[in-house]
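Here's a quick briefing on this one. Have a look at the structure first, and then we'll walk through it topic by topic.

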Amino acid sequence: MDYNVFTKNEVDLLLAEIEDLERNKFCPGRRLAFSPELSRLAQGQGLASVKKALAELVVLDLTVAVKLSPAFLAKIGRWLREEINQKVILDIKVDPSIIAGAIVSYGGKYRDLSAGRGLEEWFTRESTRIQTLINEDR
Amino acid sequence: MKSFEYYLNKIGEIGYVERVTKGVVGISGLPTAEAEEVILFESGQTGQILFLHSDIIEVLLFDEVPVKSGTRAVRTGERLSIPVGGQYLGHLINPLCQALNQTDPIKKLGETRFLNTDPPRINERSPVLKQLETGVILVDVLIPLGHGQRELIIGDRKTGKTTFLLHTMVNQARMGSVCIWAVIGKKRSEVKQIEEFFANNKVLDKIIIMASSADDATGLIYLTPYSAVTMAEYFRDLGQNVLVVLDDLTIHAKFYRELSLLSERFPGRESYPVDIFFTHAALLERGGNFIVKNGTASITILPAAEVSEEDLSGYIQTNLMSMTDGHLYFDKDSFSKGRRPAINPFLSVTRVGRQTQTPLLRELSRVLMSFLVEYQKVSGFVHFGAELTEETKRTLTKGEKTLEFFNLNSDSPTPVNVGIFLLGLLWSDYQKEVQKETMEGEWRETIDKYINDKNFRGEIDSLIEKSKNIQELKEKAVIFTDRYKV
């Protein structure tokens, strides 16, 4: 199945839409409206298969400092699918305190690749030198 | 323990709380987590890995405050350990060794020890050869216990199990043993009463009360006996004899059952998990008499167990009976007849205690036991209103006096030697004409004199030491009483 969805938010929206459709499919006089993405995915197979396939997707948590544009997200998403796993989606969180870089967690593994962490390590490493510098100035 | 971020960056693994039940939390993630590892939650709570499933990790929570779904969790790479040391003597602490009395702070930590360790192997053990005096003559003579023995204290509710254990602990604390009382999931008021009892007897400074109350986190209640034994092992390694009371293991089993059912483990008999036998056996196996640097040191464990309506065939009760070195059965009938302690000597067992007795005491125990069987048989006939022979009447009177003697020390411990002396005197028929009520006063006087008069104590001790059999004991006791006119 070729997914054009890259984030957990998008998957959650699709799943909510499928649930809504399933709930209303037997309501008399009610027209079922599919979003373009769902109608594309559901072509040639039932909603149940789409739902099952969406539930099997694995999440990669990505914490970044600024909000990313949809185009950039899609770029990262495609790269992940090509290089790492066909079934991966992104769960994006924004935390300005990490300054730059990103925190990645996938399948229980966690890596803090942010500038905030680097800065903290740098400060711990260099604190003695900073202290010496201040003392010299006195 | 360090911060959440420290462990997150150091170990580089993260988990998310998926489901929360009372005391047990299910976590996804943490791919290389290990059994019994300590888990730290983002919200500050700690827990220990209880079971590892393929998709989820069950964590035992040690905090009353529940964790929310979605909370992040990290591995610490450490197994659960508690601080141990002499600084806890005289304190009321929880199973994680935190003071329960806010007004009574404990000096900062020393050594820490892992909570779950393998029991010492056979080559590290030594035979149980030294008698553990309980201060209760019935037990010390008829069903003796040894240092390093694991004796189950079993009986219905309100039959005096706790009172017996309290007296034993006071006696042992006075004799120099380190004592640890583990209260497992009981009411806070009961914990307070136990503390007050020890304080009133001025032995609190030799006792550690490790308590978890019924409203504590289930995880904490589950840990209580393990923490108590871990603490005992510290004192054992210092060469000290330790007495541990686990009050009680039937409650512990119930809490473990709750945890296992919440973790969706397959239930076994009476819904207990299939490893309940192992859980208790591995704990009690940590007791015994051990070879240490300067000789031997013992951990005597007295676990309590409650039965319902005198039914000794319960699952947990029979498990415990089979993993201990005997049991003292507290009988409801004996209790209602006014016997204190209400121990049924015929249904009680001691497997290693007899080897700690002197030949004299062993003989006395044998004679007394067969006499009590006869007395019980004879007293059964009396109910039919049969005409009694002189011999039968004598047996009845002697039996009543013997039982009265065993009832004597319900409020304070009786040293074993003065007990042997008085039994010798009772057996000699020296006071056969004296009424039961008068004898009671005389016995008390003798016991008080033994405790307070050093010379008197010395003479009785040497009399007991020199007596090779009951006949000699009886003769010497009569001569001694004639001389002293006690």
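B:Gly424 is buried, with a relative accessible area of 0%. In this predicted model, B:Gly424 sits in helix α12 of chain B, which covers residues 416-427.

**Around B:Gly424**

- Leaving aside residues up to four places away in sequence, B:Gly424 touches B:Leu473, B:Lys474 and B:Ala477.
- B:Val478 is 54 residues from B:Gly424 along the chain, yet their C-alpha atoms are separated by 8.5 Å.
- B:Gly424 counts as buried because its relative accessible area of 0% falls under the 20% cut-off.

**Backbone spots to check**

- There's a cis peptide bond from B:Asp247 to B:Asp248, with omega near -5°. B:Asp248 is in the loop that runs between β15 (242-247) and α6 (249-262) of chain B.
- Another cis peptide bond goes from B:Arg340 to B:Pro341, with omega near 0°. For B:Pro341, the place to look is the loop between α9 (332-336) and β19 (349-350) of chain B.
- B:Lys202 isn't a glycine, but its phi is positive, near 55°. The residue is in the loop between α4 (188-200) and β14 (207-213) of chain B, and B:Lys202 is exposed at 70% relative accessible area.
- B:Ser271 also has a positive phi, near 65°, in a residue other than glycine. You'll find B:Ser271 in the loop between α6 and α7 (276-284) of chain B, where B:Ser271 is partly exposed with a relative accessible area of 33%.

**The annotated domain in chain B**

- An unreviewed UniProt entry annotates residues 135-349 of chain B as "domain: ATPase F1/V1/A1 complex alpha/beta subunit nucleotide-binding".
- Over residues 135-349, chain B is 42% helix and 24% strand. The end C-alpha atoms of that stretch are 18 Å apart.

**Where chain B meets chain A**

- Chain B brings 11 residues to the contact and chain A brings nine residues.
- Between them, the two chains bury about 710 Å², and 51% of that is on carbon and sulfur atoms. On the chain B side, B:Asn9, B:Gly12 and B:Ile14 supply 52% of the area buried against chain A, more than any other three residues.
- Which residues make the salt bridge between B:Glu13 and chain A? The partner of B:Glu13 is A:Lys109, and the closest N and O atoms are 3.6 Å apart. The count between chain B and chain A is one salt bridge.
- The side of chain B that touches chain A splits into five nonpolar, four polar and two charged residues.
- Four residue pairs are in polar contact across the interface of chain B and chain A, with both residues at pLDDT 80 or more.
- A:Lys109 and B:Glu13 also belong to a network of salt bridges that links them with B:Glu37 and B:Arg75.

**Salt bridges within the chains**

- The count over all chains comes to 34 salt bridges.
- In chain A, A:Asp12 forms a salt bridge with A:Lys8, with the closest N and O atoms 3.7 Å apart. Both residues lie in helix α1 (residues 8-24) of chain A, four residues apart, about one turn of the helix. A:Asp12 is partly exposed at 36% relative accessibility, and A:Lys8 is partly exposed at 29%.
- A:Asp61 forms a salt bridge with A:Lys93, and here the closest N and O atoms are 3.3 Å apart. A:Asp61 is in strand β1 (residues 58-64) of chain A and A:Lys93 in strand β2 (residues 88-94), so the pair ties together parts that are 32 residues apart in sequence. A:Asp61 is buried at 11% relative accessible area, whereas A:Lys93 is partly exposed at 37%.
- Over in chain B, the side chains of B:Arg19 and B:Glu58 meet in a salt bridge at 2.4 Å, N to O. B:Arg19 lies in strand β1 (residues 15-21) of chain B and B:Glu58 in strand β5 (residues 57-61), so this pair ties together parts that are 39 residues apart in sequence. B:Glu58 is buried at 1% relative accessibility, while B:Arg19 is partly exposed at 29%.

Terms used:
Residues are numbered from 1 along each chain as its sequence is written. Chains are lettered from A and ligands numbered from 1 in the order in which they are written. Side-chain values use heavy atoms; hydrogens and water are left out. Contact means heavy atoms within 4.5 Å. Buried area is the accessible area (1.4 Å probe) that two parts lose on being put together, summed over both. A salt bridge is a side-chain nitrogen of Lys or Arg within 4 Å of a carboxyl oxygen of Asp or Glu. A polar contact is a pair of N or O atoms within 3.5 Å; within protein, one must be able to donate a hydrogen and the other to accept it, and residues adjacent in sequence count only if both atoms are side-chain atoms. Ala, Val, Leu, Ile, Met, Phe, Trp, Tyr, Cys and Pro count as nonpolar, Asp, Glu, Lys and Arg as charged, and the others, Gly among them, as polar. UniProt positions are given in the numbering used here, feature names are shortened, and annotations may be inferred rather than shown by experiment. Helices (H or I, at least four residues) and strands (E, at least two) are DSSP runs, numbered from the N terminus. Buried means under 20% relative accessible area, exposed over 50%, partly exposed in between (1.4 Å probe, protein chains only).
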